[in-house]
Amino acid sequence: MAGVWTEGTLEDEMRLNLYLRTGMRVLRHIFDFNASNADEVYDELIELNWEDIIPPDGYLAVTSSVRNNTIRDTRYANMRVKDAVMDRFTAETGSRPDSGPKTDQTVIFIYWQGEDVSLYIDTTGTPLSRRGYRKNPWQAPLQETLAASMLLASKYDGTIPLVNPMCGSGTLAIEGAWIAMNHPPGLLRKNFGFQHLMDYDPDLWERVRASAKAAVKSAPEVDIIATDMDEEAQKAAQQNAYHAGVLNHITWETCDFRDTPLPPPPGLVVLNPEYGERLGSKAELGEMYRAIGTFFKKQCPGYTGLVISASPKLLKQLSLTADWKKTIYNGQLECRLHQYALYSS
């Protein structure tokens, strides 16, 4: 399981859920134990004071990552975890919460590898990538957390112009506007997992949210430009930007990427072109990638160029030497993120 370990308070947990731009979940670690089979997991968990963690009138879901020789279907492990919680509730209180597959309330997460088991409460619920603004995903959109990670990998901080040709559903431009405005990515969300736990403090949460709102800038201090030659893509992007509250803070144009207006450098120009996986074909896309390379060299001197693609062969068609390269995943697709320092040719 990939992640970052830290320690903190309930307020820190709230702030992590509110401010994390690239993480997917904030998991509260409960305890670790050893178990060779699902019955031993049950025996450990029925001893836990679940009535002090989950509201009696709540709703519970169980998720897991399991690699154990006795488990052929993770649903069985999840069921035994749920059985332990419900049996504990029944024995201690005479009632029990509801349960099912929905992960928008209380979520227990079990990480079970071999005989090593770690128990967590998922304080996020619905993944943090779902900011709440993308009402129209358009075609093959970037996940919001991936778009933010691309910008942060390039050290974008909202102090230089951001230009996004081929903007698609607008995710990169919207995430860039939020970074420039110091807008927490979780601010639009109405529901987190921690709100469905016994120790939830609504007054504290309101103070955390109020502090976050007060720190948001009224507008970016730099130009943010998003273009796409497809009018329907522009409509989708602008609809999403409206829900994100940044429609009027981004300059929109329907045009070929080569006709994208560029403010004076320095700036960041970022593209997510077709890969030939879900859209387009690699044979047809070589010419487009060569054109992107020419656009960078001829029209973007003084800028930093950032491109993501699932095709290393297509990236070579840019005919540019990358400052750095990173391997990242767009869904299940292994992609390369390349950054270029663009100089006058």
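A crossing of two helices is left-handed if the near helix is turned anticlockwise from the far one by less than a right angle, and right-handed if clockwise.

## Basis

This is a predicted model, in which local features need pLDDT of at least 70 and side-chain atom pairs count only at pLDDT 80 or more, while totals for chains, interfaces and linings use all residues. Residues are numbered from 1 along each chain as its sequence is written, and side-chain values use heavy atoms, with hydrogens and water left out. Helices (H or I, at least four residues) and strands (E, at least two) are DSSP runs, numbered from the N terminus.

## Helix pairs

Helix 1 (residues 10–19) passes helix 6 in a right-handed crossing. The two pack at an angle of about 45°, with their axes 10 Å apart; axes are lines fitted to C-alpha atoms, for helices over the stretch in contact, and angles run from 0 to 180 degrees between N-to-C directions. Helix 1 and helix 6 are therefore oblique to each other (angles under 35 degrees count as roughly parallel, over 145 as roughly antiparallel, 65 to 115 as roughly perpendicular and the rest as oblique). Helix 1 contributes Leu-10, Glu-11, Met-14, Arg-15, Leu-18 and Tyr-19 to the contact, and helix 6 contributes Leu-204, Trp-205, Val-208 and Ala-212; contact means heavy atoms within 4.5 Å. Of these residues, eight are nonpolar, none polar and two charged (Ala, Val, Leu, Ile, Met, Phe, Trp, Tyr, Cys and Pro count as nonpolar, Asp, Glu, Lys and Arg as charged, and the others, Gly among them, as polar).

Helix 4 (residues 144–153) also makes a right-handed crossing, with helix 5. Their axes are 9 Å apart and the packing angle is about 60°. On the helix 4 side, the residues include Ala-147, Ala-148 and Leu-151, which meet residues of helix 5 including Leu-172, Gly-176 and Ile-179. The contact of helix 4 with helix 5 has seven nonpolar, two polar and two charged residues.

Five strands form an open sheet in the order 1-5-4-2-3, with mixed pairing; two strands pair if DSSP finds at least two bridges between them. Strand 1 (27–34) and strand 3 (98–99) are the edge strands, each pairing on one side only. Strand 2 (residues 59–67) runs parallel to strand 3, joined by two bridges, and Tyr-59 has Asp-98 in strand 3 as its bridge partner. Helix 2 (residues 38–45) packs on this sheet and touches strand 1, strand 4 and strand 5, its direction making about 120° with that of strand 1.

A second open sheet, of seven strands, has the order 8-7-6-9-10-12-11 with mixed pairing. Strand 8 (251–254) and strand 11 each have a single partner strand, so one side of each is left without a neighbour in the sheet. Neighbouring strands are turned by 20° against each other on average, direction ignored. Helix 4 packs on the sheet, touching strand 6, strand 9, strand 10, strand 11 and strand 12, and its direction makes about 170° with that of strand 11.

Strand 12 (residues 333–341) is antiparallel to strand 10 (residues 303–309), over six bridges, with Gly-305 opposite Tyr-340. Strand 12 is also antiparallel to strand 11 (residues 324–330), over seven bridges. Strand 11 and strand 12 form a hairpin with two residues between them, and Gly-331 in the turn has a positive phi of about 65°.
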